[in-house]
Amino acid sequence: MHEGRVSAELGLAGWPAVAEESIIARDVLLAGHVGSRLHVCHLSTAGSVEIIRWAKARGIDVTAEATPHHLLLTDEKARTYSPLYKVNPPLRTAADVEAVRQALADGTIDVVGTDHAPHPRESKDCEWQAGAFGMTGLETALPIIIATMVEPGRMTWRDVARVLSETPARIGRLSDQGRPLAVGESANLTVVDPDVRRVVDPDSQWTRSTNTPYAGMELPGQVRATFLHGRPTVLAGRPIEQTEQKEHA
Ligand SMILES: [Zn+2]
């Protein structure tokens with residue numbers, strides 16, 4: 001877990017923020033030195049945000065990503081001693097969460113990546129030290145971005161498309177994805193109902209794993225349909241099986 005007041009109180013071994021920040025600082029400097037591009041995954045601390053901001057201001061070709069859980073959850077969750085909240089990098093402080101939200105809003109952080117990490121029950125139904133790192137995040141990513149960024153007025157829906165689709169496609173050099181809606185474009189679409197509010201139930205998610213840290217939380221928004229290259233992959237909020245996909249084609 002994150003090294004700080006909570007880890008000291010709990011007696012759990014902590015990982016300090018500087019462990020993450022010193023690596024990002026090193027890599028940013030090296031990328032600047034050799035003129036290569038650098039993409040930083042799962043940035044989680046206020047200090048990391050400052051380093052990325054500094055690097056971009058200097059013209060270093062760096063992009064950064066944060067996860068939904070680092071936009072919402074803090075190290076206070078470790079007080080449960082449940083490995084559901086054990087993840088790498090660890091959940092940080094409320095000040096770090098605020099810095100990550102701010103950076104996503106102002107473009108210092110370019111994209112959100114789910115860091116979806118499904119695990120079998122036995123990997124999480126154990127003591128903290130033995131628990132596996134990671135949490136599921138795919139089905140809750142959009143609801144968390146709506147709750148933390150859109151509803152408080154920090155990002156528009158246009159920004160959501162930018163951080164979840166357009167910029168990830170650009171960074172990954174996926175030339176046929178993350179493109180605007182237009183005649184003749186490949187139909188890669190997500191249809192969202194923003195008004196639905198649902199309580200997260202680990203047993204009714206589509207993933208077979210139950211290691212969601214959001215169980216019991218009411219979150220806004222639901223993906224109703226997705227299309228990849230013109231073919232439906234989710235319809236009426238339900239994933240389409242491969243065989244059904246052929247029928248639709
Ligand atoms: Zn990861």
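I take helices and strands as DSSP runs, numbered from the N terminus. The model I am reading is predicted.

**Entry 1**

I started in the loop between H4 and H5, where Tyr81 lies. Phi of Tyr81 is near 60°, which is positive although the residue is not glycine.

I checked the peptide bond that joins Asn88 and Pro89, and it is cis, with omega about -5°.

Next I went to the loop between strand E3 (111-112) and helix H6 (141-150), where I found Asp115. Asp115 has a positive phi too, near 55°, and is likewise not glycine. I noted 23 C-beta neighbours inside 10 Å for Asp115. The cut-off for buried is 20 or more, so Asp115 counts as buried.

**Entry 2: H2 against H3**

I looked up how helix H2 (residues 17-34) packs with helix H3 (residues 46-57). The angle is about 10°, and the axes are 9 Å apart. Angles under 35 degrees count as roughly parallel, and I therefore log H2 and H3 as roughly parallel to each other.

Which residues of H2 meet H3? On the H2 side I listed Ala17, Glu20, Glu21, Ile24, Ala25, Val28 and Gly32. Their partners in H3 are Gly47, Ser48, Ile51 and Ala55. I sorted the residues of this contact into six nonpolar, three polar and two charged.

I then picked out Trp54, which lies in helix H3. Trp54 has 14 C-beta neighbours inside 10 Å and so counts as partly exposed.

**Entry 3: the nonpolar core**

In soluble globular proteins, nonpolar side chains tend to be buried together. I looked for such a group here. The largest nonpolar core has 40 residues. Ile52, Val100, Leu104 and Ile145 have the most contacts inside it.

Where do the core residues come from? At least two come from each of H2, H3, strand E2 (62-66), H4, H5, E3, H6 and helix H7 (157-171). H6 gives the most to this core, namely seven residues.

I followed up Ile52. Setting aside neighbours within four places in sequence, I found Ile52 in contact with Val40, Leu43, Val62, Ala64 and Thr108.

Notes:
Residues numbered from 1 in each chain as written. Predicted model: local features only at pLDDT ≥ 70, side-chain atom pairs only at ≥ 80, totals over all residues. Axes fitted to C-alpha atoms, helices over the stretch in contact; angles between N-to-C directions. Helix = DSSP H or I, 4+ residues; strand = E, 2+ residues; numbered from the N terminus. Parallel < 35°, antiparallel > 145°, perpendicular 65-115°, else oblique. Contact = placed C-beta atoms within 7 Å. Nonpolar A, V, L, I, M, F, W, Y, C, P; charged D, E, K, R; others polar. Buried ≥ 20, exposed ≤ 12 C-beta atoms within 10 Å, placed from the backbone. Core = buried A, V, L, I, M, F, W, Y, C linked by C-beta atoms within 7 Å.
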